[in-house]
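Hi,

Here is the structure I promised to pass on. Have a look through it first, then read my notes below.

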Amino acid sequence: MSDSYRLLQPADLRPRNTFGVAAHARRLIEVLDAAALPQALAALDGDTRPLVIGGGSNLLFAGDTVDALAIIDARRSVVSDDGERVVVRAAAGADWHGFVLWTLAQELGGMENLALIPGTVGAAPIQNIGAYGVEVGEHVVAVEAFDQDTRNFVRLDAEACRFGYRDSVFKQMPDRWIVTAVEFSLHRFAEPVLDYAGLRDVLAARGITAPRPLDVAEAVIDIRRSKLPDPALIGNAGSFFKNPIVSAAQAAALVAAHAGIPVFAVDEGLRKLSAAWLIDRCGWKGHRDGDAGVAPGHALVLVNHGNAQGTELLGLARRIAASVQMRFGVALEPEPKIVGAAW
Ligand SMILES: Cc1cc2nc3c(=O)[nH]c(=O)nc-3n(C[C@H](O)[C@H](O)[C@H](O)COP(=O)(O)OP(=O)(O)OC[C@H]3O[C@@H](n4cnc5c(N)ncnc54)[C@H](O)[C@@H]3O)c2cc1C
């Protein structure tokens, strides 16, 4: 044990996942100072690499984990400021929404569309969190991490992070890096991104014609609160499925066969479909199997009505994906990391 980390054994993970399902780790190590990661990992000295846990808002525990590790360091600072562009750094353990509010308090633009996403700064680059037309990767300067393959601290620039839709090098090579901090590029005079459905309308209804980043964030927060179930009230992990990407030819065939199917251009040969629309058409909205269910207001959100087990939620997710595959010939992929079972 040291001042830089503390070991809990065993650890109850139920309060550490927003689905609120029961799970345990044989050992959980909380790292207060990322510089001590090599010593903390040596203290675990396990056969398998620990599961890194942030806020647990993108995890589904379908079983226990042997070891888990959480970065507690939450420091934030300004790295450089040229009067227009401001680079800020936040440690992995910082609460994401708290960090966004901190940038807004300094009248910095860039993060406002990503307000109210649960979780930590360290997890944000993992799936390249995105909302309301913005992905975090657009603002990442560099990710600082501990490389468990080489046992070195490294700094990956945005290109090395290979950000894509809900994707990054950290998802492509899971369990390799432990993110310790992220640097973001923000701007004092950023043009707001208002293309996403509903955002402009909310601002217009408030009589705001030249919105500041804070105005956009407040609109995003209100829209999110009206649409998404609050994990503090009912267990969930936000959208459970990614929007599927299909070929333009498959999308054209789907449009011909299914009136009203929404299709979004990705690039010349690829199209994005709405997973929510596909699931809704299969009749799942509001469905409930015991305590595992689909939110009544949002077909993409699986919910724990109380005491659902992770395996029950996973079983429901598999049945949903099978029905979408059967009716539309489209494969759905889960967005959260599934622990203790394969998809
Ligand atoms: C109500 C709700 C709404 C949501 N809305 C959105 C949304 O709009 N857009 C969106 O993109 N996501 C959304 N999410 C999903 C989730 O909030 C994000 O993916 C978030 O970044 C997860 O952060 P976390 O700290 O909770 O990560 P966790 O759930 O703890 O972990 C998620 C993954 O990241 C890994 N990880 C966590 N921290 C680290 C680290 N320091 N180093 C290496 N790996 C790490 C974990 O091992 C795991 O694989 C939503 C979730 C909920 C519950």
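This is a predicted model: local features need pLDDT of at least 70, side-chain atom pairs count only at pLDDT 80 or more; totals for chains, interfaces and linings use all residues.

What follows covers the ligand and then a few salt bridges.

Residues are numbered from 1 along each chain as its sequence is written, and side-chain values use heavy atoms, with hydrogens and water left out.

Start with the ligand. It has 33 residues around it, and Val52, Gly54, Ser57, Asn58 and Thr120 are the closest (a residue counts as near if one of its heavy atoms lies within 4 Å). By class, that shell holds 16 nonpolar, 13 polar and 4 charged residues (nonpolar means Ala, Val, Leu, Ile, Met, Phe, Trp, Tyr, Cys and Pro; charged means Asp, Glu, Lys and Arg; the others, Gly among them, are polar).

Now for the salt bridges (a side-chain nitrogen of Lys or Arg within 4 Å of a carboxyl oxygen of Asp or Glu). The count comes to 18. One of them pairs Glu30 with Arg6, with the closest N and O atoms 2.6 Å apart. Glu30 is buried at 7% relative accessible area, while Arg6 is partly exposed at 36% (buried is under 20%, exposed over 50%, partly exposed in between, using a 1.4 Å probe and protein chains only). Another joins Arg75 to Asp73 at 2.7 Å between the closest N and O atoms; here Arg75 is exposed at 54% and Asp73 buried at 11%.

Cheers
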